[in-house]
Amino acid sequence: MKTKLIFFLPLLLLFINCTDSDTDSSSLKLSESTFKNVDGNGETLRINIESNSAWKVSSDQQWCIPFQEKGDNDGELVLSVVANLDGSSRDATVTIMSSKASKKIQINQKALKTVQQKSITTSFRLSFMSFMKTRQMPCNMSIQTFFPRY
């Protein structure tokens, strides 16, 4: 019985001391996770990422564009927020995911304030050749412009 115990005791200690390296948790920290009242003219946002593994970025809105979609370890995430011509504030969520951690960045952008809207309407005739005859077609064109407030 003592001989069996002598053989099994080292094996038991070996199994107890073994650890799986995959159980180590991934570290993922952001320098900032909320951006409120981002300028309606558009803005570039910069977020420092501290991580001990690879990470991926995704945005739930087309107007909030990450310059890179993935990175390794520590790095800087740069987001381009396009001018808001919608007339009201809007929200986006950017998600950064590593192998075992996930963080979200909340972005709220103000509407672009316009001070003047101008419409220009013009009429003209378009001439073209068709079946050896000159034809003219009346056309109307309207252009609207918005001038932002600074």
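Biologist: What does the side chain of Asn84 reach, and what makes this a polar contact?

Modeller: The side chain of Asn84 reaches the backbone oxygen of Lys110 at 3.2 Å. A polar contact is a pair of N or O atoms within 3.5 Å; within protein, one must be able to donate a hydrogen and the other to accept it, and residues adjacent in sequence count only if both atoms are side-chain atoms. The pair at 3.2 Å is within the 3.5 Å limit, so the term applies. This is a predicted model: local features need pLDDT of at least 70, side-chain atom pairs count only at pLDDT 80 or more, and totals for chains, interfaces and linings use all residues. Residues are numbered from 1 along each chain as its sequence is written, and side-chain values use heavy atoms, with hydrogens and water left out.

Biologist: Where is Asn84, and why does Asn84 count as buried or exposed?

Modeller: Asn84 is in the loop between β7 and β8 (90-98). Strands here are DSSP runs of E with at least two residues, numbered from the N terminus. Buried means under 20% relative accessible area, exposed over 50%, and partly exposed in between (1.4 Å probe, protein chains only). Asn84 has 0% relative accessibility, so Asn84 counts as buried.

Biologist: How many salt bridges does the rule give?

Modeller: Two. The rule asks for a side-chain nitrogen of Lys or Arg within 4 Å of a carboxyl oxygen of Asp or Glu. Asp86 and Arg90 meet at 3.3 Å, N to O, and Arg46 and Glu76 at 3.4 Å. Both distances are within 4 Å, so both pairs are salt bridges.

Biologist: Which parts does the pair of Arg46 and Glu76 tie together?

Modeller: Arg46 lies in strand β3 and Glu76 in strand β7, so the pair ties together parts that are 30 residues apart in sequence. Glu76 has a relative accessible area of 38%, which places Glu76 among the partly exposed residues.

Biologist: What is the strand order in the open sheet of four strands, and which are the edge strands?

Modeller: The order is β1-β3-β7-β5, with antiparallel pairing. The edge strands are β1 (28-30) and β5 (64-66), each of which pairs on one side only. Neighbouring strands are turned by 30° against each other on average, direction ignored. Axes for that angle are lines fitted to C-alpha atoms, and angles run from 0 to 180 degrees between N-to-C directions.

Biologist: What is the phi of Asn37, and what is the phi of Asn73?

Modeller: Asn37 has a positive phi of about 55° although it is not a glycine. Asn73 also has a positive phi of about 55° and is not a glycine. Asn37 lies in strand β2 (residues 34-38), whereas Asn73 lies in the loop between β6 (70-72) and β7 (75-81). At 51%, Asn37 counts as exposed, while Asn73, at 39%, counts as partly exposed.

Note on methods: Two strands pair if DSSP finds at least two bridges between them.
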